[in-house]
Amino acid sequence: MKKKLFFAFGPVLIAFIIVACIFLTPTKTTIKNDHLIEVASSSLSSSVVQGTTFTNSALASNQYLPMFGSSELKRFSAFHPSVLAYKYNRPYTPFLIGDAGTQSLTHFSIMNSNEKQLAHKKMVFIISPQWFVPKGIKDDYFEAHFSKLQLYNWLTTTQHVTTYDQYYANRLLQFKNIENSAKLTTLLEQVADGQALSKKQKNSLKLERQLLDKEDMLFGSVSTLFDSNLDKIHSYEHDLPAKADSNEWVKIADKIGAKNTSNNELGIINSFYNKNLRGHLKNLKGKQADWDYTKGPEFADFQLVLQQMAKQDSDVLFIIPPINEKWTNYTGLSQEMIQNFAKKITLQLNSQGFENVADYTTNAAEPYFMQDTIHLGWKGWINVDHSLQHFLKNDTKPTYHLDDYYLTEEWQQS
Amino acid sequence: MEETLLSIIEEVTGADVRDDLDLDLYEEGILDSFGTVQILVEIDSQLGIQVPVSDFEREEWRTPNKIIATVKSLA
Amino acid sequence: MIDQIPSLIPYANPIYFAYVLIALIPLIAYMLWKEKRLPWYQSIVTLVFLYISFGGSSWKQGVALILYVVWQTVLVALYQKYRQKHNQSGVFYASIILAILPLFLTKLFPVFDFHISFIGFLGISYLTFKSVQVIIEFRDGVLKTYKIWDYIRFLLFFPTISSGPIDRFRRFQKELHNAPLRSDYADLLKLGVHRIFIGFLYKFIIGYYLGTLALPHLEKAALDGGLLSWQMLLYMYGYSLFLFFDFAGYSLFAVGVSNLMGYKTPMNFNKPFASWNIKEFWNRWHISLSTWFRDYVYMRLMFLLVKKKLFKSRVVASNIGYFGLFLLMGFWHGFTWFYILYGVFHATAICVNDWWLRLKKKHKNWPSNKWTHALAVVVTFHVVCASFLIFSGILDKLFFN
């Protein structure tokens, strides 16, 4: 009888012991495999956005240049920063961080979890005008990139609650998936009230964080391998001349652009047009005339990101891409409104000491600057490369002076 | 009754089952759900014994011998 | 205190198993020691786990579940009372319709983009199968009396509540009132643990690699490649295997946890991809569902058709039965074109299968050896995979998006 029960429950016991050993031993979680990190750098995988292992490991070395952005990073072509870096053996490899629908709140969360690794370094941040819709980031986008691991990192490392912490806690409480968790709601309400977590609270979170950390390390690598884009990147290298030459590049960009946007009058890459627009294009005519990107909570969310950059003393190149003018002429989206957006965000940046801003919103009409409606294309990326090379050479250290005014409702709605 | 049952089975399945009364009819592919229903209907009309469809369990109808025993118990 | 109870979908997260095991320790110990069941404790465990799955943020589902159980309990009790004295077909059919109504509405509303949150909950179709089954057994007189309490415990048996396997009331009731002997129970515990571990392999390892990691990429490639491309073929294999490992893994959990509680819930899968024809496939795939449809829909329908001699030809009658059965199964999956096509596909396949079997019976001299058997298995596997490709809904994305 005892033997029988031993054989029944022995495996359960052993399983518990193994799991406890793996998950509860407080070893450091970093990845040593250089190839894996290289794959991750251009994978835009969810384990890059939601995990910490990859970013921690990669950003600790000086090899990688962090580039924060959203869906444009996914659209590889000959002049994409990753392709250029490989082709011309640049001293850096871009580490792409973002996905469709990652906006300021997600980027704040990622940066906060990589604070040490990012400290005193250069980085690139692409600001998309379409993030700045009146209601701010959508619930679905937020939830798709929400990371409990990163949230726990923030909660357990916050010593003194600042206005920014309070703002962040309040903001998080507005999302459904947070609202659905009684535990997170209680903790965030406490921070929103201005109280840091107690030692006891932090210790219990730390245990759970350790579990999440191990999970991220064990499973993140596999899923990243599935997301590799290296083959795609190397295949685009063939489009480039052996020597980097801007004039040559522009000629090639014109050629590739013309060839790839042949099935429509809007300057949109054929595949995108076929997949997303053909069929219901008519329904979109004049439909975006009253869209507005100049007001809303995203401005304050963005301030949160700026605060994090200042705190970790990052030197940042900001890029503001335009929106394809042929397209906006069709949908009625106002280029003037986009100019106003660019002015507002540039003011927010410059007035606080963020001086490196590459604003391309005036290039909206340039052919093949965009790949489709809102994503940078061949010539757009060439321009980005110019700004980037200039930025990397410049060694003047920035000094920041943050103004909490940019968190206020008044600024959001001004 | 045995004789009637065996001829019903033979008529429905078209197979000779008298040689081996312990033959597994389902396993051998001789009987399926539809064949079973036909047998149930025939038993009802020829012998006047009603077998509720929901009471049907394959285990009790697997072999000719089992069918005979089950029907006898219901008679 | 109630805040501290977590919200978890059954078996979706490994931590759920830790909670189940801890909750079941007193029950297991008592049954081993006394060889008796511990009904009140089992009820408490059931309530706690129902709260875990249907409380918290999914509380609307919880309300729907309560309303549903009240509805079915009253309905079945009334029918049982009625059936003791009368037996009119109209009343029987009305009761069946009323039993199916909540499920029907939850399937219908999404078609019209209309949502009422207090009607649907995870597992409603499985509870409906259980309820309809009991009404039919009263109708047939197989079941004459019952305890309402047993019926409720049958409906709400938590290991199988969200996705089956669909148990039978009389079988379950027998076990409810008889505890297994100590040595049998020890064997059952061993089997249960074994099944749960195989389930981990299926659902959390193989299912995770296939479903979470590989499938999104395969799907994207298949959509780019088009209907007749090797990428689509790859997606078909990937999706079919995922469907099996995910669902078989889930079923192993449900049966395994039932075993730990001393119940022998029937198994749902028996090496389905080793089937040598479509009929055999349905004896091995989602067994508790296909036998339910066989016993409570197909056989009853056939009984009626054959007895009333509505069709002269046996072949026609049986084929009509198949189409009725598989169309119903298609609609049960959802009122969407690809589920219905999936039903039509399987009905056609099984009719062709029958025709082939008749042909083979006539030609006894046709070869039959291990090679023809292997060929049959390969052909069946591909027919089944093709049906799952329809079922996956990828064609909808390909043609209409």
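Modeller: Accessible areas come from the Shrake-Rupley method with a 1.4 Å probe, and for residues only the protein chains shown count as cover. Lys and Arg count as positive, Asp and Glu as negative, while His and the chain ends are not counted. The place of a charge is NZ of Lys, CZ of Arg, CG of Asp or CD of Glu.

Colleague: And where do the coordinates come from?

Modeller: This is a predicted model, where local features need pLDDT of at least 70 and side-chain atom pairs count only at pLDDT 80 or more, while totals for chains, interfaces and linings use all residues. Residues are numbered from 1 along each chain as its sequence is written, chains are lettered from A and ligands numbered from 1 in the order in which they are written, and side-chain values use heavy atoms, leaving out hydrogens and water.

Colleague: OK, which residues form the negative surface patch?

Modeller: Asp16(B), Asp19(B), Asp20(B), Asp22(B), Glu27(B) and Glu28(B). Asp20(B) sits in the loop between α1 (2-13) and α2 (33-47) of chain B; helices (H or I, at least four residues) and strands (E, at least two) are DSSP runs, numbered from the N terminus. Asp20(B) is partly exposed, because its relative accessibility is 36% (buried is under 20% relative accessible area, exposed over 50%, partly exposed in between, with a 1.4 Å probe and protein chains only).

Colleague: Switching to salt bridges: how many does the structure hold over all chains?

Modeller: 27 salt bridges, each a side-chain nitrogen of Lys or Arg within 4 Å of a carboxyl oxygen of Asp or Glu. One of them joins Lys74(A) and Asp99(A), at 2.8 Å from N to O. That pair links distant parts of the chain, 25 residues apart: Lys74(A) is in the loop between β1 (64-68) and α5 (81-87) of chain A, and Asp99(A) in the loop between β2 (93-97) and α6 (104-113) of chain A.

Colleague: Are Lys74(A) and Asp99(A) buried or partly exposed?

Modeller: Lys74(A) is partly exposed at 39% relative accessible area, whereas Asp99(A) is buried at 17%.

Colleague: What about the pair Lys122(A) and Asp315(A)?

Modeller: Their side chains meet in a salt bridge of 3.1 Å, N to O. Lys122(A) is in strand β3 and Asp315(A) in strand β4 of chain A, 193 residues apart. Both Lys122(A) and Asp315(A) are buried. There's also a network of salt bridges linking Lys148(A), Lys183(A) and Glu208(A).

Colleague: Last one: how many helices and strands does chain C have?

Modeller: Chain C has 15 helices and zero strands. Its radius of gyration is 23 Å, close to the 21 Å the globule rule gives for 401 residues, so chain C is as compact as a globular protein of that length. That radius is taken over C-alpha atoms, and the rule is 2.2 Å times the number of residues to the power 0.38.

How values were computed: Patch = residues over 30% accessible without salt bridge, like charges linked within 9 Å, V, L, I, M, F, W, Y side chains within 5 Å.
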